[in-house]
Amino acid sequence: RRAFRRTVTDEDIRPFLARVKTRLEQNYSFEQAMRVGLRAVLISPSFLFLREKPTKPSTPALDDFALASRLSYFLWSSMPDERLFDLAEAGLLKQPKILRSEVERMLISPKSSVFLEQFPDRWLSLDLIENVEISRDYHPNFNARLKADMIGESRAFFAEMVRENRRIQDFLLADFTMLNEPLARHYGVSGVLGMKFRHVRIPADQHRGGLLGQAGFLLAGSTGADSHPVRRAVWIRDRLLDDPPPPPPANVPSLDSIDPKFHQLPMREKLQAHRRDPSCASCHRDLDPWGIALENYDAVGLWRTEVRTKKGDKMVTSPVVSKDSFSNGSELDGPDKLKERLACEYGDQFARSLMRRLLTYALGRS
């Protein structure tokens, strides 16, 4: 039953038993004969694959054993335990009260830690954090070990949201985040000691609550020197709204090939150059504002009111501009307005996007 994750019949056992009997007749020891039988079990399709077809063609729904496996590999990344097996065998698992109770039990279990780490990794693309090389010219004091803490913040935040059963809008509007001492020091938050992540309420004037105030996402949407509004905007459209923008046309020349000083321009001017190009403008007008609203965060996720740009050996500063308009005339101005708009106007779309990501993770397919 453990190997096949379902009730096993005499008919199921017969071919494996036959192998064992044959080896015993050939004077194999009992242990050697059993190894042959067990090896056959462990290469059989019933062990290697999740069986999701209904047991009877007349009943299209999954049976209780298939549901137990789906639940278990979703929330525990492992096979069902004996309690799930027993409920499935008794035909009780699909009863709504029992199903809800089992999900609660599974989420409370330490086994759920794999789901609480792996799902946010995939949903939020946390692997991108490690791929960004930090510019020492712009951030000479950045400690590379903070990248692991940034990943830890997002994982711990997701786990806290699930275990406290908080509103789905709190992914965007939460007044807290999860901090340890190094990350709190990076943010300028006092009173957090030790390496363990804990729930820390964040005052509104520190602009930290929810996913969009987390340094990991902000760093992933940067060049390592400065913010990159387009990358941040694409992440929001793709990861949060399940509405990724189309890729740029293949025949559009890069803007730096047209203007050799393109890389020296402030990001705002680079984006304006995109909009002057007719082949770029149609997409960028409705993409850029999502990222420009986050311009108050620098490449490593710290709050700023000025943008620093290196010109020669000097750093020049310019005021942060976090206000921009969509093609329909509506505006976004700063991260707080961005969060409110996502939670209110796009709340249903965000919820559907998250459910789709969860189901893709749970089922192993889109």
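Helices H7 and H19 are oblique to each other in this predicted model. Helix H7 covers residues 113–123, helix H19 covers residues 347–363, and their axes come within 11 Å. Two packed helices are described by the angle between their axes and the distance between the axes. For H7 and H19 the crossing angle is roughly 120°. As to handedness, the crossing of H7 and H19 is right-handed.

How many cavities of 30 Å³ or more does the structure hold? There is 1, and the volume of the largest cavity is about 30 Å³. Its lining is made up of Leu124, Ser125, Leu126 and Ile129, together with Gly216, Phe217, Ala220 and Trp235. Which helix gives the most to this lining? That is helix H12, residues 215–220, with 3 residues.

My last topic is a strand pair. Strand S3, residues 306–311, and strand S4, residues 314–319, run antiparallel and are joined by 6 bridges. Within this pairing, Thr309 has Val316 in S4 as its bridge partner, while Lys311 stands opposite Lys314 in S4. S3 and S4 form a hairpin, and 2 residues lie between the strands. In the turn, Gly312 has a positive phi of about 70°.

Key: Residues are numbered from 1 along each chain as its sequence is written. This is a predicted model: local features need pLDDT of at least 70, side-chain atom pairs count only at pLDDT 80 or more; totals for chains, interfaces and linings use all residues. Side-chain values use heavy atoms; hydrogens and water are left out. Two strands pair if DSSP finds at least two bridges between them. Helices (H or I, at least four residues) and strands (E, at least two) are DSSP runs, numbered from the N terminus. On a 1 Å grid over the protein atoms alone, a cavity is a set of points where a 1.4 Å probe fits but cannot get out, and a pocket is an open set with protein on both sides within 12 Å along at least five of seven lines; lining residues have an atom within 4 Å of a point. Grid points are joined across faces, edges and corners, and a volume is the space filled by probe spheres set on the points. Axes are lines fitted to C-alpha atoms, for helices over the stretch in contact, and angles run from 0 to 180 degrees between N-to-C directions. Angles under 35 degrees count as roughly parallel, over 145 as roughly antiparallel, 65 to 115 as roughly perpendicular and the rest as oblique. A crossing is left-handed if the near helix is turned anticlockwise from the far one by less than a right angle, and right-handed if clockwise.
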